[in-house]
Amino acid sequence: MAAAALAKSATWKERLQQSLKKNASLAYAKYVQLATVKEDGRPANRTVVFRGFLGNTEDLTFITDMRSNKVQEVAGNPACEVAWYFPTSREQYRLSGQLTIVGPQHADAALLKARQTAWNNLSASGRSQFAWPQPGLPRDVDSEEYAEGAADPPQEPLPAFALVVMHVDEVDVLLLRGNTRTTYSRKDGEWQEGHNVNPSSTAAQKLFSVCESVMQSGHGCAWTEVLLVPTLDGSICACDDCVRIGDGN
């Protein structure tokens with residue numbers, strides 16, 4: 001059967017904004033896993049903080065240190081992917097696209113303005129980190145440069161500060177409640193309608209379906225606290241209620 005097209009109003013950006021609202025009580029809901037490609041072709045992954053969309057576009061923004069490895073990786077290959085999980089709403093987003101590093105010498109005036117805005121939004125302690133010594137070099141254990149308030153950061157962005165812009169061209173949204181999966185793609189600069197596709201069969205989805213039935217039965221479940229540990233048969237989670245029901249007690 002052909003995948004059913006979704007209404008154009010149900011865009012992935014709107015869904016993502018709704019997910020952020022549903023998970024607003026979790027400080028780490030804006031933490032995402034950003035993967036880039038090393039010079040030798042191997043993946044490089046790290047946790048970064050989502051800093052918002054770039055204006056009214058679908059581009060995601062993050063920040064980084066111009067001296068970090070990812071800057072060289074992006075210069076060699078701008079391809080990237082983000083994995084983003086929302087515990088409260090049990091949704092996973094996978095976003096693919098290309099990265100642009102906006103440093104102090106970038107040619108685009110609009111992006112330089114966005115870089116300044118991102119700098120303005122940082123706390124004083126956040127700004128001061130960009131005055132730290134070269135990342136990756138041996139650390140001087142007696143250095144006071146890492147101390148809170150050790151530097152008095154200026155209003156203008158420090159040279160090491162960079163805005164990272166992700167131009168998204170593919171999105172894969174998985175909703176564990178109900179096991180629904182929707183894909184979106186950009187073609188010739190225009191986003192196509194989302195399509196429902198078959199989800200992958202994973203232990204997490206199977207575990208969640210059991211926990212969901214447990215919650216509906218009134219027993220409750222610790223799934224939302226991410227206390228998810230597969231058993232030998234991969235059928236139940238390790239929270240007390242599920243184990244008790246799984247054992248037949």
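**Figure 1. The loop between E7 and E8, with Asp188.** In this predicted model, Asp188 lies in the loop that links E7 to E8. The two strands form a hairpin with two residues between them. Phi of Asp188 is near 55°, a positive value in a residue other than glycine. Asp188 is classed as exposed because its relative accessible area is 76%, over the 50% limit. E7 and strand E8 (residues 190-191) pair in the antiparallel sense, with two bridges between them. In this pairing, Arg186 stands opposite Trp191 in E8.

**Figure 2. The hairpin of E6 and E7.** Strand E7 (residues 180-187) runs antiparallel to E6, and six bridges join the two. Within this pairing, the residue opposite Glu170 is Ser185 in E7. The hairpin has four residues between its strands, and Gly178 takes a positive phi near 100°. Asn179 also lies in the loop between E6 and E7. Although Asn179 is not a glycine, its phi is positive, at about 50°. How exposed is Asn179? Asn179 is partly exposed, with a relative accessible area of 29%.

**Figure 3. Pairing of E7 with E9.** Strand E9 (residues 195-197) pairs with E7 in the antiparallel sense over three bridges. The bridge partner of Arg181 is Val197 in E9.

**Figure 4. The largest nonpolar core.** In soluble globular proteins, nonpolar side chains tend to be buried together. Here the largest nonpolar core has 29 residues, and those with the most contacts inside it are Trp12, Leu60, Phe62, Trp84, Leu95 and Met166. Two or more core residues come from each of helix H1 (12-22), strand E1 (31-37), strand E3 (60-65), helix H2 (69-76), strand E4 (79-86), strand E5 (91-102) and strand E6 (161-175). Which of these elements gives the largest share of this core? The largest share comes from E6, with six residues. Apart from this core lies another, of 14 residues, including Leu54, Val102, Leu122 and Phe161.

**Figure 5. The contacts of Trp12.** Trp12 is one of the residues with the most contacts inside the largest nonpolar core. Not counting residues up to four places away in sequence, Trp12 touches Phe53, Glu58, Leu60, Tyr93, Leu95, Val168, Val171, Tyr184 and Trp191. Among these partners, Leu60 and Leu95 are likewise listed with the most contacts inside the core. Trp191, also touched by Trp12, stands in E8 opposite Arg186.

**Figure 6. The largest pocket.** Rolling a probe the size of a water molecule over the atoms shows where empty space is left. The largest pocket has a volume of about 430 Å³. Its lining consists of 21 residues, of which Ile63, Thr64, Asp65, Gln129 and Phe130 lie nearest the centre of the pocket. Strand E2 (43-49) and E3 are the elements that give two or more residues to this lining. The largest share, four residues, comes from E3. How do the lining residues divide into nonpolar, polar and charged? The lining holds 11 nonpolar, six polar and four charged residues.

Conventions: Residues are numbered from 1 along each chain as its sequence is written. This is a predicted model: local features need pLDDT of at least 70, side-chain atom pairs count only at pLDDT 80 or more; totals for chains, interfaces and linings use all residues. Side-chain values use heavy atoms; hydrogens and water are left out. A nonpolar core is a set of buried Ala, Val, Leu, Ile, Met, Phe, Trp, Tyr and Cys residues joined through side-chain atoms within 4.5 Å. Buried means under 20% relative accessible area, exposed over 50%, partly exposed in between (1.4 Å probe, protein chains only). Contact means heavy atoms within 4.5 Å. On a 1 Å grid over the protein atoms alone, a cavity is a set of points where a 1.4 Å probe fits but cannot get out, and a pocket is an open set with protein on both sides within 12 Å along at least five of seven lines; lining residues have an atom within 4 Å of a point. Grid points are joined across faces, edges and corners, and a volume is the space filled by probe spheres set on the points. Ala, Val, Leu, Ile, Met, Phe, Trp, Tyr, Cys and Pro count as nonpolar, Asp, Glu, Lys and Arg as charged, and the others, Gly among them, as polar. Two strands pair if DSSP finds at least two bridges between them.
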